[in-house]
Amino acid sequence: MRLVLLGAPGAGKGTQAKLLEKVLGLKHISMGDILREEMKNNTPLGQEVKKYVESGGLVPDEVVTKIIELKLTDKNFAGQGYLLDGFPRTASQAEDLDKIVTSVAQPFDYVVYMEVDSEVVIQRLTGRRVCRSCGALFHTTNMPSKQEGVCDSCGGELYQRPDDNEETIRKRINVYLESTAPIIDYYKAKGLLLAVDGNQEAGKLKDELLEIFKKDGKIDSHQI
Ligand code: AMP
């Protein structure tokens, strides 16, 4: 199965992707994670995108689209189910993604749109903590780690993303409303949109999605 996860920053795309990845064996492709990894390794691409990511702006379309194109058209990737998290984020990216999936004859099954209230977004993002080693996600109040600052899964150090401060969060929400929200209608018109309530607890939403996938015949009962 091939899915696109759409929603505001803090809608829970990354958390949901990690849950579904485990149950369905899908590959989680997070554009934000890819860009942060390049920045961490100080590659030329990392240096190029740093100013956009840190300020909460969008990296130019051609840069992110190239990354996705290389991944999805890689021969070794053919037939692999995946979850696209954080791409597309603009109308132009959505149109290019259509061309890419058409060129490899592997259209996606759903665009899961996670609707979420703005107070929930601020609360989730300001409390979010990420493991530096394995990328596991925690929250200071919603999902605290057993030991403060230490990852439950691998013992790595937890940190707060520099763009998870209130000022940058507000900018990211504005960027989302201006550039990303319009593509909801684009996918609705194509009959691909699956709108769900992103305010609910992540495990509950995962179960709801699995039920829908099962009902639509996309997965077998033994998979869940
Ligand atoms: P995320 O981890 O999804 O919140 O993304 C973090 C940041 O990476 C965003 O605020 C953007 O600066 C950049 N980014 C991620 N995905 C994209 C995309 N599809 N287009 C442009 N910039 C992106």
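Predicted model: local features only at pLDDT ≥ 70, side-chain atom pairs only at ≥ 80, totals over all residues.

Student: Why are K50 and E54 separated by about one helical turn?

Tutor: Both belong to helix α3 (residues 44-55), and because they are four residues apart there, about one helical turn separates them.

Student: Is K50 buried, exposed or partly exposed?

Tutor: A residue is called buried under 20% relative accessible area and exposed over 50%, with partly exposed in between. K50 has 39% relative accessibility, so it counts as partly exposed. E54, with a relative accessible area of 38%, is partly exposed as well.

Student: Which residue forms a salt bridge with R132?

Tutor: The partner of R132 is E157, and their closest N and O atoms are 3.0 Å apart. This pair links distant parts of the chain: R132 lies in the loop between β5 (128-131) and β6 (137-139), E157 lies in the loop between β6 and β7 (158-159), and the two are 25 residues apart. R132 is partly exposed at 42% relative accessibility, and E157 is partly exposed at 45%.

Student: How many salt bridges does the count come to?

Tutor: The count comes to 17 salt bridges. One of them joins D216 to K215, with the closest N and O atoms 3.7 Å apart. Here K215 counts as exposed, at 65% relative accessibility, whereas D216 is partly exposed at 39%. Salt bridges can also share partners, and in this way R128, R161, D163, D164 and R172 are joined into one network.

Student: Which residues form a negative surface patch?

Tutor: Such a patch consists of E115, D117, E119, D197 and E208. A patch takes in residues with over 30% relative accessible area and no salt bridge. D117, for instance, is partly exposed at 39% relative accessibility, and its place is the loop between β4 (110-115) and α6 (118-127).

Student: Where is H28 found, and is H28 buried or exposed?

Tutor: H28 is found in strand β2 (residues 27-30). Its relative accessibility is 13%, so H28 counts as buried. The side chain of H28 makes a polar contact of 2.9 Å with the side chain of D85.

Student: What is the place of F108?

Tutor: F108 sits in the loop between α5 (91-103) and β4. F108 is buried, with a relative accessible area of 7%.

How values were computed:
Residues numbered from 1 in each chain as written. Heavy atoms only, no water. Patch = residues over 30% accessible without salt bridge, like charges linked within 9 Å, V, L, I, M, F, W, Y side chains within 5 Å. Areas by Shrake-Rupley, 256 points an atom, 1.4 Å probe, with all protein chains shown as cover. Salt bridge = Lys/Arg side-chain N within 4 Å of Asp/Glu carboxyl O. Lys, Arg positive; Asp, Glu negative; His and termini not counted. Charge placed at Lys NZ, Arg CZ, Asp CG, Glu CD. Buried < 20%, exposed > 50% of the residue type's maximum accessible area, 1.4 Å probe, protein only. Polar contact = N/O pair within 3.5 Å; in protein donor to acceptor, adjacent residues only side chain to side chain.
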